[in-house]
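This report describes selected features of the structure shown below. The account begins with the surroundings of a single residue and then moves to other parts of the structure.

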Protein chains: 2
Amino acid sequence: MCPAQVNANSTRGYVIPIGGGEDRVKERHIHRRFVELSGGRAANIAVIPTASELETTGLDYSRIFSDLGAAQVDLLPIARRADCDNPRYLEMLDRATGIFLTGGNQLRLSTILGGTGIAQRIRRHNAAGVHVAGTSAGASIMSEHMIAGGDSNSAPLEGAASLAPGLGLTNAVIIDQHFTQRNRLGRLLSASSYNPFLIGLGIDEDTAAFIGPEGVFEVVGSGTVTVVDASDQTHSSMWEAGPGQPLTLLDLKVHVMGEGCRYDLVNRRAYLPDEQTAFCALPYDKVRSY
Amino acid sequence: MCPAQVNANSTRGYVIPIGGGEDRVKERHIHRRFVELSGGRAANIAVIPTASELETTGLDYSRIFSDLGAAQVDLLPIARRADCDNPRYLEMLDRATGIFLTGGNQLRLSTILGGTGIAQRIRRHNAAGVHVAGTSAGASIMSEHMIAGGDSNSAPLEGAASLAPGLGLTNAVIIDQHFTQRNRLGRLLSASSYNPFLIGLGIDEDTAAFIGPEGVFEVVGSGTVTVVDASDQTHSSMWEAGPGQPLTLLDLKVHVMGEGCRYDLVNRRAYLPDEQTAFCALPYDKVRSY
């Protein structure tokens, strides 16, 4: 599924994958910035805790967003596909200025939300300017192609990353989370070299990529975001490797970026915090053509 | 990657996945219909043999299309990513009325063509009315999400289908080929239940699905096309199953359709050969919103 069309008079909302394990008790820097972006004291946040099986997960996040000053926080405890037709939940989504997807299991999210009115509304509202943040599994599901599982390894192996269809809020990237903490470089390299149009984003814990409507993202948080760009890849042994064999991948570009760094997904260029971003000439939606 | 936009005055070309092993010497029924659709005696066919490592593959298909009366047949022997910048190949694509992707290995196709000007042009030309057919690996790569590999089994198992990003000529379906011959129902059930927005198409050898611009396809050939529709799925154990474990998937709809049957991908409805198709009220591009 690909991002919904932006209407002539709208600007796409931010897409904000968070690498999991973010600070939820002290500064709550990432959540604070998400609430500010969503309207601050006028923010209306919808929390979707579907990825998690723990009843407390959604309540925890609801409290955080209330503590941070949001005007309204709605919890949508969707636990099965039939819940996706609940008109009350659809109304809650319709009035949200920000939508938050908790962590848990990304296949639980895709099997319950996939192809429902809830999934469709999240895409459409994002195209109409609503910001969507997700942590851990909630980060993975955001892109068209999602990493559903795989091995921990620093070297790429055949079959190291298993993919599944995600929500499709962006199709420029494929997202991995708990990145440095769980040693996932190998599986991100495998995932992004399947088809070099995808830019791999490996997001550390307590770290987020705030992807703006022009396709430039900024790193926020205490860790780093690793970018894998396979567009100049000259060779991949992916198609001829046996099960579990190490892959040969030549000419991959990798960036490891700390807080304040920005990356232009349209022009595939990294910027340091104090560097002027040459704003992409193309609107973000043009990314889809490559 | 999602299908390119159709301009106001254009109609999308057909997308024609073929299940492999099609008759290439006698009636060549499927190839004949593809040539007729592409203009018959005025047809200009571009053959992309990249999936195959055999030099003869592209030549064989070129001869078939010439024999069937195409005015011009161009062979684009793209064997590495650098070949995708060859201006001669881009020109050949620009004048094609039909594009044919041979069989071989779909990961060879995605790793070599993915993110290049060739992939972009195939998508854009298809949106502008050029028909694109592909057999075996060439069929798998056509959709946004492609089955890259997996097990032969009639029951769905965790991990039975490995996915990778495809060319994105359609994002309504996920395609499997050599379907009955290689006992692939299990992996198609697994693949389409990852995210129920996808309709699974299992295409037998010597059989094709001619997917028209309105999102209705017709079965052509001596075998069947199996459709898996998971949109009413009430339960999937995908997210909680251990590696290789059998899956529980409840309320999947399956159709097995022989020659002349049609299926409406927008309204998810199957039609017998002599049944009137209630043409979908929505244009095909609307499929993308669900």
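Leaving aside neighbours within four places in sequence, Asn126(A) is in contact with Arg12(A), Gly13(A), Tyr14(A), Val15(A), His131(A), Val132(A) and Leu169(A), contact being defined as heavy atoms within 4.5 Å. Asn126(A) belongs to helix H5 of chain A, residues 117–127. Its relative accessible area is 0%, so Asn126(A) is buried. Buried means under 20% relative accessible area, exposed over 50%, and partly exposed in between, with a 1.4 Å probe and protein chains only. Helices (H or I, at least four residues) and strands (E, at least two) are DSSP runs, numbered from the N terminus.

The model is predicted: local features need pLDDT of at least 70, side-chain atom pairs count only at pLDDT 80 or more, and totals for chains, interfaces and linings use all residues. Residues are numbered from 1 along each chain as its sequence is written, chains are lettered from A and ligands numbered from 1 in the order in which they are written, and side-chain values use heavy atoms, with hydrogens and water left out.

**Aromatic pairs**

Over all chains, the structure holds 12 aromatic pairs. Rings of Phe, Tyr and Trp (its six-membered ring) pair if their centres lie within 6.5 Å; planes under 30 degrees apart count as stacked, over 60 as edge-to-face and the rest as tilted. The ring centres of Phe34(A) and Phe65(A) are 5.7 Å apart and the planes stand at 65°, so this pair is edge-to-face. Distant parts of the chain are linked in this way, since Phe34(A) lies in helix H1 (residues 29–37) and Phe65(A) in helix H2 (residues 55–67) of chain A, 31 residues apart. Both Phe34(A) and Phe65(A) are buried. Ring pairs also join Phe34(A), Tyr61(A), Phe65(A) and Phe100(A) into a cluster.

**Helix H2 of chain B**

Helix H2 of chain B (residues 55–67) has 13 residues and reaches 19 Å from its first C-alpha to its last, close to the 18 Å expected at 1.5 Å a residue; the expected span is 1.5 Å times one less than the number of residues. The buried residues in H2(B) are Thr57(B), Gly58(B), Tyr61(B), Ser62(B), Ile64(B) and Phe65(B). Because they cover an arc of only 160° around the axis, they lie on the same side of H2(B); the arc is that of the directions from the helix axis to the C-beta atoms. Their cover includes helix H1 (29–37) and strands E2 (44–48), E3 (72–75), E4 (98–101) and E5 (131–135) of chain B.

**Positive phi angles**

Most residues other than glycine have a negative phi.

Just after H2(B), Gly69(B) takes a positive phi of about 100°.

**A sheet in chain A**

In chain A, 4 strands form an open sheet of mixed pairing in the order E8-E9-E12-E15. Two strands pair if DSSP finds at least two bridges between them. Strand E8 (173–176) and strand E15 (253–257) are the edge strands, each pairing on one side only. Strand E12 (residues 225–229) runs antiparallel to E15(A) and is joined to E15(A) by 5 bridges. Thr226(A) stands opposite Val256(A) in E15(A).
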